[in-house]
Amino acid sequence: MAEHNVSRRAFVTLAGGVAAVPAAAAAGRKAVVAPAAVNMAAPQAQGDPIRIVTTYRFAANEIRQIEQAAAPTKVDIVHCRDRDEFKRRLPEAEVIYGGLRQGELDSAPKVQWIMNGGAGVESMPQDLRDHPVAFTNYARTFAPGISETAMGLLLALTRRIHTYMKQFYVDKELKPLGTPKTGHHGELAGRVMGVVGLGGIGEAIARRAHYGFDMRIVGTDAKPIPKPHFVDELHDPTWFDEMVSQVDVLVSAVPHTPLTERMFNADVFRSMKETAYFICMSRGMVFDDMALVKALKEGWIAGAGLDVFAPDPAPKGHPIYELDNVVMTPHTSGWSLDRQVRLINLFSENIHRYARGQPLINVVDKQAGY
């Protein structure tokens, strides 16, 4: 990691600068310049430690990694036992690790940067959304596990693995479904996957589907991003309605925002092929759960694979559990030991950058919501 003789407080004035290339530890994430802040507290002496206030309990090895990333600048991590202690220590915070609640920002006059503990920011309070403080998240960090789960859910549906597992564990017998010539089992090679939202998760799913299963990929994204070479077509969201009727697998990888809430509704499911599958890996609020139940029950679509629901996980007694063409996981697709390594790598990289006044990685557009 390159050394730069720049005050760590200077990073808030770097809007319009050129984003630096992240280190390998950041797992390929693009550096994003933090927005310029206004009404900042008077800067402390450059030799002061970076005080991080959090309720998260870092492991000893993680603390060492964070300290080494900031060196020679010192780091002081304040571990708060509960929310009350967190609120009491906020006035000391230069960096906050984790989320804030409405009104808590007023108690943190020195804060320069907030590291969100997850990727989604839909629960961000309005006062933080309106404040110029730099806010970063863990976008892309969870993508490897989520993309593997997405393909696992899809394979369970197309190869009827979930049905055979039920036979095995519940019925205590195994019976072939259909014959070799019937459509009870499907293949993915040559089929079209439509990915809505080609951010970190969507891109990872698309890459695995194309290279691992020879699928043709099309997609939409709200940002004018370059089209990955493994994607055949990429359009803005206005192409969504046209895309839906063409694909064999429709994947939701969009964040939950006012614009995406329940965007996958009865009209969308009606427009899909009867042989198509719906896979949702982002947030449960982006699809209409009862419209999906109706679509699955009445055969508008062939099946669904869900890692998310609203509320999350699906409550006991919900009609989604009565269907045999659904495969679900309880929002665990991003879980793994490897993900924790990526989390600390990214935070350490940003601590390194912050200590040197460099642009931070994964700065969130708070108004857009991602």
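Analyst: Helix 4 is followed by Arg160, a residue whose phi is positive, near 60°, where helices (H or I, at least four residues) and strands (E, at least two) are DSSP runs numbered from the N terminus. This is a predicted model, in which local features need pLDDT of at least 70 and side-chain atom pairs count only at pLDDT 80 or more, while totals for chains, interfaces and linings use all residues. Residues are numbered from 1 along each chain as its sequence is written, and side-chain values use heavy atoms, with hydrogens and water left out.

Arg160 has this positive phi of about 60° although it is not a glycine. Most residues other than glycine have a negative phi, and most peptide bonds are trans. Arg160 belongs to the loop between helix 4 and helix 5, and its relative accessible area of 22% makes it partly exposed; on this scale buried means under 20% relative accessible area, exposed means over 50%, and partly exposed is what lies in between, with a 1.4 Å probe and protein chains only.

Helix 4 itself covers residues 143-158, and at 1.5 Å a residue its 16 residues should span 22 Å, which agrees with the 22 Å between its end C-alpha atoms; the expected span is 1.5 Å times one less than the number of residues. Of those 16 residues, 12 are buried, so helix 4 is largely enclosed by the rest of the structure. The buried residues are Ala143, Gly145, Ile146, Ser147, Thr149, Ala150, Met151, Leu153, Leu154, Ala156, Leu157 and Thr158.

What does helix 4 pack against at an angle of about 50°? The partner is helix 6 (residues 200-213), and the two axes are 8 Å apart. Two packed helices are described by the angle between their axes and the distance between the axes. The axes are lines fitted to C-alpha atoms, for helices over the stretch in contact, and the angles run from 0 to 180 degrees between N-to-C directions. Helix 4 and helix 6 are therefore oblique to each other, given that angles under 35 degrees count as roughly parallel, over 145 as roughly antiparallel, 65 to 115 as roughly perpendicular and the rest as oblique.

In the loop between strand 6 (192-196) and helix 6 sits Gly199, which counts as partly exposed at 29% relative accessibility. Leaving aside neighbours within four places in sequence, Gly199 is in contact with Arg140 and Asp221. Gly199 and Tyr370 are 171 residues apart in sequence, with their C-alpha atoms 9.8 Å apart in space.

The peptide bond from Asp312 to Pro313 is cis, with omega near -5°, and Pro313 lies in the loop between strand 11 (303-306) and strand 12. His331, in the loop between strand 12 and helix 10, has a positive phi near 55° while being a residue other than glycine, and a relative accessible area of 30% makes His331 partly exposed.

As for the whole protein, the secondary structure comes to 10 helices and 12 strands, and buried residues make up 49% of its 370 residues. Among contacts with a separation of 6 or more, 63% are between residues 24 or more positions apart.

Conventions: Contact means heavy atoms within 4.5 Å.
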